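The following note sets out points for a colleague examining this model. The points are numbered and may be read alongside the sequence and coordinates.

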Amino acid sequence: MKSMEPRPLLFGMPDAKRRLIGRLLLAGTVLLFGGGLAVGFGPFFWASRQLPTYCASLATGTSTSDVQSQAESVGYEVEFANDKRMLIEAPPMAAPQGSPSTCEVRFGPNGLESAKYVDSH
């Protein structure tokens, strides 16, 4: 049988200190991973949540090009259904599975006439 000798210190540190450093490294890794997910997917999540508010904030009389540029600057996708109707949707990654919700915008001779949020859930 081997005799019980004390283990040599790893990097000159006792076991308690090594465990503490290991836990701190694990916690830091988890925080970095969670932060990366928040930074990567957060904008998509908030874009879909803010669509009803954005739709209600559109001012009557705004031109088609202004509405389009405002929506695209925020990150929404714009689709023209016909000459007088525009659909504004959150990016596909932000939409719940299935059909995304949209902001249906109608235009007349004086610009924007109505903007209605359509929840497709």
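1. Arginine 85 counts as partly exposed, at 22% relative accessibility; buried here means under 20% relative accessible area, exposed means over 50%, and partly exposed lies in between (1.4 Å probe, protein chains only). Arginine 85 forms a salt bridge with glutamate 104, and the closest N and O atoms of this pair are 3.6 Å apart. The pair links distant parts of the chain, with arginine 85 in strand E2 (residues 85–89) and glutamate 104 in strand E3 (residues 102–108), 19 residues apart. A salt bridge is taken as a side-chain nitrogen of Lys or Arg within 4 Å of a carboxyl oxygen of Asp or Glu.

2. This is a predicted model, in which local features need pLDDT of at least 70 and side-chain atom pairs count only at pLDDT 80 or more, whereas totals for chains, interfaces and linings use all residues. Residues are numbered from 1 along each chain as its sequence is written, and side-chain values use heavy atoms, with hydrogens and water left out.

3. How many salt bridges does a search of the whole structure find? The search gives 2. Besides the pair described above, arginine 106 forms a salt bridge with glutamate 104, the closest N and O atoms being 2.7 Å apart. In general, side chains of opposite charge can pair when their charged atoms come close.

4. Is glutamate 104 buried or exposed? Glutamate 104 counts as buried because its relative accessibility is 13%. Arginine 106, with a relative accessible area of 39%, is partly exposed.

5. The protein chain contains 2 helices and 4 strands, and along the sequence these follow the pattern α-α-β-β-β-β. Helices (H or I, at least four residues) and strands (E, at least two) are DSSP runs, numbered from the N terminus.

6. The 4 strands form an open sheet in the order E1-E2-E3-E4, with antiparallel pairing. Strand E1 (77–82) and strand E4 (111–118) are the edge strands, each pairing on one side only. From one strand to the next, the twist averages 25°; axes are lines fitted to C-alpha atoms, for helices over the stretch in contact, and angles run from 0 to 180 degrees between N-to-C directions. Two strands are said to pair if DSSP finds at least two bridges between them.

7. The bridges may be set out strand by strand. E1 and E2 run antiparallel and are joined by 5 bridges; valine 78 has isoleucine 88 in E2 as its bridge partner, and phenylalanine 80 stands opposite methionine 86 in E2. E2 and E3, also antiparallel, are joined by 5 bridges. Across this pairing, methionine 86 stands opposite valine 105 in E3, while leucine 87 stands opposite glutamate 104 in E3.

8. E3 and E4 run antiparallel with 7 bridges between them, and they form a hairpin with 2 residues between them. Glycine 108 stands opposite glycine 111 in E4.

9. Why is E3 described as largely enclosed by the rest of the structure? The description applies because 5 of the 7 residues of E3 are buried. E2 is likewise largely enclosed by the rest of the structure, because 4 of its 5 residues are buried.

10. Glycine 75 lies in the loop between helix H2 (64–74) and E1, and this residue is partly exposed, with a relative accessible area of 32%. The C-alpha atoms of glycine 75 and alanine 90 are separated by 7.3 Å, although the two residues are 15 residues apart along the chain.

11. On the surface, Phe33, Leu37 and Phe41 form a nonpolar patch with about 330 Å² of accessible area together. Patches are made of residues with over 30% relative accessible area and no salt bridge, like charges being joined within 9 Å and nonpolar side chains (Val, Leu, Ile, Met, Phe, Trp, Tyr) within 5 Å. Phenylalanine 33 is found in helix H1 (residues 15–57) and is exposed, with a relative accessible area of 58%.

12. For the chain as a whole, 23% of the 121 residues count as buried. The accessible surface comes to about 8900 Å², of which 61% belongs to carbon and sulfur atoms; accessible areas come from the Shrake-Rupley method with a 1.4 Å probe, and for residues only the protein chains shown count as cover. Among contacts (heavy atoms within 4.5 Å) between residues at least 6 apart in sequence, 35% join residues at least 24 apart.
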